Amino acid sequence: MPAYRPPQIPMSEVTPREIYLSRRSFMGSATAAGLAISGAGSAFAAPLMAKSSDYKVSDKLTPKEAITTYNNFYEFGVNKEDPSQNAGAFKTTPWSVKVDGLVGKPKEFGLEELMKMPLEDRTYRMRCVEGWSMVIPWVGFPLVALLNQVEPLGSAKYVSFETVVRPEEMPGQKGLFQALPWPYVEGLRLDEALHPLTLLAVGLYGETLPNQNGAPIRLVVPWKYGFKGIKSIVKISLTEKQPETTWKNSNAREYGFYSNVNPAVDHPRWSQATEQRIGEGGFFGGNRKPTLPFNGYADQVASLYAGMDLKANY
Ligand code: MTE
């Protein structure tokens, strides 16, 4: 297994830890979760409130070594060890994220500005569609904080996300064999995007996000399968139509738009009833645990899907 490579910019150079920690305690979970949707013409409800306990789990953290060497990031290769081995030269500065579409105030956010958002430490259970899981201490800010700044219009129903295309730095984007069409794209329904659990992560284990985990900024939606967590985002658009998503486009029968973690809905080729926590009971086997509906976040998010057939909307 390759050695863990320290991230390119230490978090201390972007936001000193005391500052982001004090900002975080100043913000408090209620404020962070209750960020109001501002802007005239916003026709949707304020996001649901979340308790600070929603951002903590009693589960043992997955070791940093495993989180940073067992990755899916096909732009750097299709094997789990490829991203940690091939992403070292990926340049994450300068960087900006363009936010446009059905918004009152479209804006391109520079990385420095994003790093000044109210950063929080949030530990989430993560479940990959392939059947493995991790417990990851992210550093990030709620997506709703960013969306508030661009003032979504009442006509916005969905949010789409796009990863950078940079074949000269991403070996998986060039050559004869390309695993997926680029850019990698993902999407959420607007209410999912506004939910306080939905995070834009810029770090993990209190440090700047390693390249292989989606530096400099990636999406984290803990109640959905891992492929919804699009990495190295350069564009976010608010749309009226349901956005294209990479895995649904490549195999709609196996990967749906919603992709909520659901032990009762099998993947066409395997069961989703149990999962292997990476780093526990051996790296690859034994000690599987039951997968929980919405990955254990049902209390917070099940109401978003009230009345929906979750077998049809997988
Ligand atoms: N984002 C991009 N741009 N490219 C990818 O291949 N893989 C997805 C998701 N985001 C992927 C991506 C999948 S399948 C998973 S499980 C998670 O990233 C893995 O995130 P991690 O490596 O931080 O655990």
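Q: Is helix α6 (residues 143-150) mostly covered or mostly open, and how many of its residues are buried?
A: Happy to start there. This is a predicted model, and a residue is called buried when its relative accessible area is under 20%. By that cut-off, seven of the eight residues in α6 are buried, and the helix is mostly covered. The buried ones are Leu143, Val144, Ala145, Leu146, Leu147, Asn148 and Val150.

Q: How should I read a helix in terms of which way its residues point?
A: An α-helix has 3.6 residues a turn, so residues three or four places apart point the same way. In α6, Leu143 and Leu147 are both among the buried residues.

Q: What follows α6?
A: Glu151 comes next, and its phi is positive, near 55°.

Q: Where is Thr198, and is Thr198 buried or exposed?
A: Look in the loop between α7 (190-194) and β7 (199-204). Thr198 counts as buried because its relative accessibility is 0%. Beyond its neighbours within four places in sequence, Thr198 contacts Leu143 of the chain, and also residues including Phe141, Leu188, Val221 and Trp223.

Q: Where does the ligand sit, and which residues come nearest?
A: The ligand sits in the largest pocket. There are 15 residues around the ligand, and Asn71, Tyr74, Glu75, Gly229 and Lys231 come nearest.

How values were computed
Residues are numbered from 1 along each chain as its sequence is written. This is a predicted model: local features need pLDDT of at least 70, side-chain atom pairs count only at pLDDT 80 or more; totals for chains, interfaces and linings use all residues. Side-chain values use heavy atoms; hydrogens and water are left out. Helices (H or I, at least four residues) and strands (E, at least two) are DSSP runs, numbered from the N terminus. Buried means under 20% relative accessible area, exposed over 50%, partly exposed in between (1.4 Å probe, protein chains only). Contact means heavy atoms within 4.5 Å. A residue is near a molecule or strand if one of its heavy atoms lies within 4 Å of it. On a 1 Å grid over the protein atoms alone, a cavity is a set of points where a 1.4 Å probe fits but cannot get out, and a pocket is an open set with protein on both sides within 12 Å along at least five of seven lines; lining residues have an atom within 4 Å of a point. A molecule sits in a cavity or pocket if more than half of its atoms lie within 2 Å of its grid points.
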